[in-house]
Amino acid sequence: MIPSTFDYKRPGTLAEAIQLIKDDPGAKLLAGGHSLIPAMKLRLNASPTLVDISRLSELNFIRDKGKFIGIGAGATHGAIATHKTITSKVPLLAHAAELIGDVQVRNVGTIGGSIAHADPAADWPAVLIAADATVEVNGAFGERNIPATDFFKGFFYTALGEGEIITEVKVPEPDAATLRCAYEKFAQPASRFALAACAVQMSLVDGKCTNVRVAFNGIGSFSYRATAVEAALEGQAPSEDAINLAASRACDNADMVLSDNFASEDYRRHLASVVCRRALNKALA
Ligand SMILES: Cc1cc2nc3c(=O)[nH]c(=O)nc-3n(C[C@H](O)[C@H](O)[C@H](O)COP(=O)(O)OP(=O)(O)OC[C@H]3O[C@@H](n4cnc5c(N)ncnc54)[C@H](O)[C@@H]3O)c2cc1C
């Protein structure tokens, strides 16, 4: 449980941080450290240099920017769970944030660190996919905006390149009058990571489901958008039959279904349809 030696750098500005990782693409950014430090102690990660961005105020914000809500990469899960702009305008994010880990994890872990780490059992990926969010990154390739749907690419693997930093998550503001959303997680009891979780966001217009977005965590080797579930509900009245049919397609878009000590493949398939049905029922209640 002792990490290998490393250099520690603490830039005073975002520009300095970007320069440091451009100059040294092998350097690792340190945000909350809740995923990186354990990985270093287990020697799953042995970066020669850590660039500490945890105190950069330029990354620590939540702002209503008109058409979207901007969340700095350094915003903690706890800040997102309780921020008035989030709870009132994008409640899906607030619901999910308050289910992450425990109070210590929520007060230190950051949205940027979580999505860069891309644990398939983490909460943010499916939520950001369902909310149609965009991830802004900067660094070696200049500023890029990557839709959340394209950001999560594999097992602990994202579209983020070497020498790049996540700066902001941009979440479109949905129409409050028609918005229906929910996040349902079946959590591993010790860590609270998702064995299966489903994020749902849609509009209910004239009694029909429209702009249906559904995504899952904890099922495949990475979080995915469930277009089969969406297609089953789009344009439908939310009857019990329609919801059950949609939920039966929960795993159709998964690259694979994980099997581990906590849940076999069959059990996870079952959990996926259960959390999907619960999320749809909750959103449409
Ligand atoms: C006991 C425990 C329970 C947990 N339970 C949950 C849970 O229920 N749900 C859940 O989703 N998570 C859970 N987590 C994970 C927690 O949310 C972490 O905080 C999060 O995954 C990583 O965020 P961090 O800020 O700590 O990042 P770090 O650990 O500092 O960094 C993680 C990775 O992201 C990179 N990184 C950090 N910031 C950036 C950035 N701005 N741009 C590019 N790369 C960056 C780092 O270089 C590193 O590779 C748990 C963690 C613990 C310890």
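Which element gives the largest share of the shell around the ligand? It is H7, with 5 residues. The legends below follow a predicted model.

**Figure 1. The ligand and the shell around it.**
The ligand is surrounded by 30 residues. Gly32, Gly101, Gly109, Gly112 and Gly113 are the closest. Three elements each supply at least two residues of this shell: strand E2 (28-30), helix H7 (111-117) and strand E10 (164-172). Helix H7 makes the largest contribution, 5 residues. Sorted by class, the shell holds 14 nonpolar, 13 polar and 3 charged residues.

**Figure 2. The whole chain.**
The chain contains 12 helices and 14 strands. Its C-alpha trace spans about 60 × 45 × 35 Å along the principal axes. How does the radius of gyration fit a compact globule? For 285 residues, such a globule would have a value near 19 Å, and the chain has 19 Å, so the two agree. Of the 285 residues, 45% are buried. Now take the contacts with a separation of 6 or more: 63% of them join residues 24 or more positions apart.

**Figure 3. The largest nonpolar core, seen at Val127.**
This core has 88 residues. Val127 and Val200 touch the most other members. Strand E12 (residues 194-205) gives the most to the core, 8 residues. Which residues does Val127 touch, leaving aside those up to four places away in sequence? They are Leu92, Leu93, Ala96, Tyr183 and Ala199.

**Figure 4. Lys22 in helix H1.**
Lys22 sits in helix H1. Beyond residues up to four places away in sequence, Lys22 touches Gly139, Ala140 and Gly163. Ala39 is 17 residues from Lys22 in sequence, and their C-alpha atoms are 23 Å apart in space.

Asp24 lies in the loop between helix H1 (14-23) and E2. With 17 C-beta neighbours inside 10 Å, Asp24 is partly exposed. Where is Asp64 relative to Asp24? The two are 40 residues apart in sequence, and 34 Å separates their C-alpha atoms.

**Figure 5. Pro38 in helix H2.**
Pro38 belongs to helix H2 (residues 36-41). Pro38 has 13 C-beta neighbours inside 10 Å and therefore counts as partly exposed. A residue is exposed at 12 or fewer. Met1 is 37 residues from Pro38 along the chain, yet their C-alpha atoms are separated by 8.2 Å.

Most residues other than glycine have a negative phi. Arg192 is found in the loop between strand E11 (179-187) and E12. Arg192 is partly exposed, since 16 other C-beta atoms lie within 10 Å. Asn211 is not a glycine either, and its phi is positive, near 45 degrees. Asn211 lies in strand E13 (residues 208-217). With 17 other C-beta atoms within 10 Å, Asn211 is partly exposed.

**Figure 6. Asp252, in a loop between two helices.**
The loop that holds Asp252 runs between helix H11 (240-247) and helix H12 (265-284). Asp252 is partly exposed, because 14 other C-beta atoms lie within 10 Å. How far is Asp252 from Thr227? They are 25 residues apart in sequence and 8.4 Å apart in space, C-alpha to C-alpha.

Technical notes:
Residues numbered from 1 in each chain as written. Predicted model: local features only at pLDDT ≥ 70, side-chain atom pairs only at ≥ 80, totals over all residues. Near = placed C-beta within 6 Å. Helix = DSSP H or I, 4+ residues; strand = E, 2+ residues; numbered from the N terminus. Nonpolar A, V, L, I, M, F, W, Y, C, P; charged D, E, K, R; others polar. Core = buried A, V, L, I, M, F, W, Y, C linked by C-beta atoms within 7 Å. Buried ≥ 20, exposed ≤ 12 C-beta atoms within 10 Å, placed from the backbone. Contact = placed C-beta atoms within 7 Å. Rg over C-alpha atoms; globule rule 2.2 N^0.38 Å.
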